Structures are given as C-alpha cells and as structure tokens.
2 protein chains.
Amino acid sequence: MSVTRQSLHDLNTPCLLLDRAVLRRNLRRMAEQIAGLGGVLRPHVKTHKSLDVQAELEQAGAVSGITVSTLAEAEYFFAAGQRDILYAVGIAPNKLDQIADLMARGADIKIILDSVEMAVCVAARGAELGVTFTTLIELDVDGHRAGIDPRSDALLELAQACQVPGLALGGVMTHAGGSYNCASVEAIREMADQERSLAVLGAGRLREAGHPIDIVSIGSTPTAFFATSLEGVTEVRAGVYTFQDLVMAGLGVCGHDEIAISVLSSVIGHQRAKGWTLTDAGWMAMSRDRGTEGQAVDFGYGEVWDLQGQPLGGLILRGANQEHGVISRGAHASGEAPELAVGDKVRIAPNHACATAAQFDHYMVIEDGYLIDQWPRGRGW
Amino acid sequence: MSVTRQSLHDLNTPCLLLDRAVLRRNLRRMAEQIAGLGGVLRPHVKTHKSLDVQAELEQAGAVSGITVSTLAEAEYFFAAGQRDILYAVGIAPNKLDQIADLMARGADIKIILDSVEMAVCVAARGAELGVTFTTLIELDVDGHRAGIDPRSDALLELAQACQVPGLALGGVMTHAGGSYNCASVEAIREMADQERSLAVLGAGRLREAGHPIDIVSIGSTPTAFFATSLEGVTEVRAGVYTFQDLVMAGLGVCGHDEIAISVLSSVIGHQRAKGWTLTDAGWMAMSRDRGTEGQAVDFGYGEVWDLQGQPLGGLILRGANQEHGVISRGAHASGEAPELAVGDKVRIAPNHACATAAQFDHYMVIEDGYLIDQWPRGRGW
C-alpha cells in the first residue's frame, strides 16, 4: 500500500522498519556474486515472506523460482503468480494432498526427502492420488541437520526407491547450515567448497547409476557469498542476505550498515542506578533469538541504533520480556554512554532477520529516514 | 468457529493444540485460589489473546476487567465489549492519542508510569487533548524490571507530579516478575508476601500524603498461586496460568499434566547415528524461548509428548531451525528410547506459553484427543 511520507518520529512503536536502499544494495550484491560465477538464485522467501521484496529481488536479477519453508508461503507466492517452487523442508505425509492440489492448480512444486521410508510414503500417496511428486534427495554435507551422506551406499538405495509410480527423482539439494558456526571467513569459504563438491559428488554418483539429475541445488547465505565456484551446481538458495542481521555481521558476511531491518522502539523509563533504559520493544518485537550469544560480540536481543541507523554508544538490548526491553551497554562498549530520554525513539537491529521479521505483519519501508511505503508479509503454515 | 470433530491424526502440522479440559481446570484452580483469599483477578490477556479463552475465564469466576500488554490487545477485547482495561506496560508518549481515542469510544483504560519525566509528558498531552489519563504508579518490588521504589522519597514526588490537569492518579501496580527466578516454592511464597506488602506499603504512604489510592494491583502467575494473603490488595494480575508451561512446571507452580497447549508436529526423518529424530516443528512453531535452560531440567525447545499428552521417554526438542526441530533424549531421560517413524505425530509442550502461542493465529481446541473447535487469536501492536 502507498502511505503518506512520514518522519520516523511520527510512527507508533514498536514497528518493523525496512530500509529500501540497504535492501536493494544487498540484493544487488548477491545477484552480482552469483551471476559472476555463472549461477542463478532460487531465493528463500522464508526470510521476507513479502511479494514486494520478491519483486525487488527479481528486479535485481539472476533469480529463477523460489524456495519456501511452509506451504503457506507456497500458497502466498503461488497466488501472486509464482509457479516454480521448491519446498525445502523434508516432506511430511500430511502435506502431500495440499501439494497435489497446488500442482493441479498449476504449480511446479518440488519436494525433498532423505529416506526410503519417506519415499515409500510419498510414492504410495502419489499413486493413490494419481499424481507424480517431483522429489529432490536431500544431501547432508556438514552434519548439521537433515540429509543423506552423498558418499553412502544408502544414497543409491534411496534413488532406487524413488523409481516407482507416484515419484520422480528431479535432483539433489543441500543446505550448508553448518556455515553459521564457522569461525572465520576462510572457514566459510572452505564450507562453500565442501558444500558444492559434495553436492556435485552425490549428483555424479546418481548419474553414474543411471538416474538423470537435472537439479543440483545448494545454498546458505554465508556459503553463497563466499563461494568461488558453482561448477556443477544448477541453483543457489539463500534468504537472510536480503535483510542481513547481527549474526551475519558477526560471521563477517556483512557490515552492520548492510542490515536492512530494525525495530523502531520508544524509551519508556529508566533504572538509572543499574544503567538500564527501558523500551517498548521486548521479545514479542525482537523474537527470543539470541544468535549472537556464542559470537565474539554478544548483542543480547539486538544492537541499539539512532534514527539514522548508526550504532549508539555500544548500547544493546540486554534483556527482553514480552513487551519490555532493557537497554544497557554491551561488553564491547567504550567511551561515554549516551543519555536517552523518555519518549526518545531508537532503532534496534536484530540478531536474526528471519525471526524478528516474523513477529510483524508488515514492513514500514523507509528511505532517507522517512516512511515511504508499507509492505504486508505472509505467515503461518 | 465450529469445526467437524477430527482425530489429531488428521490435522496438518505444525498446529497449536489447546486442551479445553486442562484449560478449564487451570482457570478453576486460579479462581478458587484468588476467591479463597477474598480477591479478584484482572487476567492478563497477553498469554491467550483470545475472546474464547476470555469467555472461559469469566465463566470460571472471580474476574473483573482485563490487563493488556499492547494497544492491539486493548482494541481487540474492547471491540468485543470489554471496557475495564489496564495497559500494564510503561506508557510511551506516541500511544496517548490512541488511548484517548479508546476513552472517547467508552473504554475505561488505565495506564502506568514510574517517572516524573513521563508524568509531565502524559499530563501535557492530556491537557492538549482535553482528556484526563487515569494513571497507576508502577512500583518496583523485586528489582527485576521497571517501577519506583515504594519506600523512596521519589514515590511521593512522582505522586505530586501527577496532581496536574490531564492526569489522575488511580493507584499503584506492581509485577513480581522476579518470581520466575525463585529456586523453590518457599521462595515464591516469600516473594508473594514481599510483593503484597511492598505494594500495600507504597499505597499507604501515598494515602498518608493525601492521595486517594483506589487500585492496588499486584501479580504474576507464581506469586498469585502461592499468595497466602491479599490484604490491602484490590486485584491480582496473572496470565500464563491459563495455559501453564514447562517453565512454570520447573518452578513447581504446576504439573506437566496442567500444560494446556502443545504443538502438534510430524516426524520427517532421522539421523540415527546421532539419535536424532527430525520434525516439522522448529522455532517458528515453538518460538526461540529457552526458558528452561537455567532450570533443573532443560527441555531444549520443548518436551515431546505422545498424542494423549503423556511425556514420551524423556524426549525433548533439543534443537530448532526455522521449520525443523531435532528431537533427542533429554539429560533427564532414563529407560528405552521410543522409536518414532516418519509420518508419526507428536505433541510438543512449550517452555513459555506466551511465546509459543504467539506464533499461531488460532488454537485447535481439543477434548479427549479430538478436535472440537478452532479459536482465533489477536496479534500485533
């Protein structure tokens, strides 16, 4: 929707700000990185869940299709014309009927699985419904979550189990979520290489066994940025790079000035003896994510910025209740502590963009410190 | 809305279950506790944000008015006929116009503050708008968050600062959130006594100074349950007791069989070598709340139950990504680990009811293991 241009001083709090210029810079940076390697992006919409952000993404280029983490996302983007959808969470049998229905309505939706057990379930339901589910095999390249070892015999057994009515093997996918725990940019670069080479290895073994493998899908924001080759890869999935966040900054993936979202909040009081400033952004606004807890700088529930988006004297949101936040100086702070008066507004940068954005139903889109638009976002399952 | 009676096996996952029989038992227990002490409840709707739960609450008795943590809650319940509303977060100046508007539409809304600075802001806006904001002074009884020391000179100065056009001093309120960190039921009992006695002390000092104090509002779920006297108190606020959760169970406030909400989830795979079972309930469903982390038993992101609501072999949701959960045995587990097959459904009890419920837009209301109703809930600011 279009809105009257407003100063941030006039907005109710808490609300979720999205700086469009920063967003566009982030999208361009990733598009250039992936296009530069001759690749194409299948952006993960779970971070933004916004048709408007998706339009910006497509404008930035090097994009084909979307990745979703819920069928609600699939429905939301399908209703807006998106057809090429990868549902990148191991399939649960109770979701197959809705997927078949999306297919009947024209969606080209791909699912993923990593076990013979699940292949049997999917094929059985596909046969019952008279549809063929296009399936990618999830490969485990870093031991962090789901997937099957691309070097294992089990991979070939699983591919064989997919050669049944109701199922069509479309390729392989992997998510190098382990990159979130890398200690250095060099380690992320190595992880990117490991992710790519193991995905390509798995695809090669399947092809040797006679399975046509069209899709080799890899990705995570850190490995996408630090990949030096996409040889053998057909698409890269990433989501959080659209907004970036403090966790990504802590990993060396971005600077703090590349974080596109923040929560606008009002000062509601003080406990001066303790050095606390209280605000109306608690965990309901920021989420309970504490992703920087294990990083070199722990930002609590977020980094406090002024209205121009500049970090404010080492202040962090050290504590959060449902609708209360407690601001104090972070362990990394130096120099004078700035004084905030009741009624003053601050912006709070999130640990984890996906989690914080999910707490809100729309983005207050800003440019040069003014509200210029309001963009809705989807939610639920 | 009314729904067809369905087995839990037929529901899509993840979804939020609310066991109505457990809810009713919880509401009755608190109503009896407070009524038994001659008190009355002003329930905090921030936990449930549901008109249907509120109707159950009123049915259980001993209830007068509501407490809200956002103006969105105030609007939601006001639209359904609720008039007597306490907005129990220190006021931010940018919320005063909406509060004045609610008052003009017939709401009896009370705000809170704890500083002369804020009293000056509120009075100025009240005078400009030609309205009188009824204000409670927030007292700090446990050092955990906001509020002014009830024994301080500053309390009397603040009350004096409220004697201006645009402001009317209606009483005092306190929230003993420190009770969430009590190490024993005995410590909660002491905290309840401390909360009550300091609130009454503050009210008494204000009355002696000539201020009529009608409202003495205290509360938190732990202190409400373990209070042995409400002498001098006019109302008790509590919210989480409606649903209870693992944090409350860890404090000794309730049993696990008193937890009324849980997230229904499907098994989507395994990493057997690691003892992991993967599910489709991640932090988007459970929230990022890790409230049991510092308690005697750490349940990760939740305790895994079978469909009947019985804890399942010491299984917990040890890890969570956005739409993936990792189930494994908790440190407290003993005996054989139950085997879960892909497609099996489990229920996951939350660390923190307020945070988990907020991830969903409606409750799937169950009784005797069957879906009997679907109740919407409010959200946002």
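Start with chain A: the centres of its domain 1 and domain 2, taken over C-alpha atoms, sit 33 Å apart. This is a predicted model, where local features need pLDDT of at least 70, side-chain atom pairs count only at pLDDT 80 or more, and totals for chains, interfaces and linings use all residues. Residues are numbered from 1 along each chain as its sequence is written, and chains are lettered from A and ligands numbered from 1 in the order in which they are written.

Select 20-243 of chain A for domain 1 and 256-376 for domain 2; these bounds come from an automatic or database domain assignment. In the contact between them you'll find 14 residues from domain 1 of chain A and eleven from domain 2 of chain A (contact: C-beta atoms, placed from the backbone, within 7 Å).

Next, pick helix α1 of chain A, residues 20-36: with six residues, this helix gives the most to the side of domain 1 that touches domain 2 (helices are DSSP runs of H or I, at least four residues, numbered from the N terminus). That side of domain 1 of chain A has five nonpolar, five polar and four charged residues (nonpolar: Ala, Val, Leu, Ile, Met, Phe, Trp, Tyr, Cys and Pro; charged: Asp, Glu, Lys and Arg; polar: the others, Gly among them).

Now hop to chain B and show helix α1 (residues 20-36) with helix α2 (residues 51-60): their axes come within 9 Å and cross at roughly 45 degrees (axes are lines fitted to C-alpha atoms over the stretch in contact; angles run from 0 to 180 degrees between N-to-C directions).

Definitions and conventions. Two residues are in contact if their C-beta atoms, placed from the backbone, lie within 7 Å. Helices (H or I, at least four residues) and strands (E, at least two) are DSSP runs, numbered from the N terminus.
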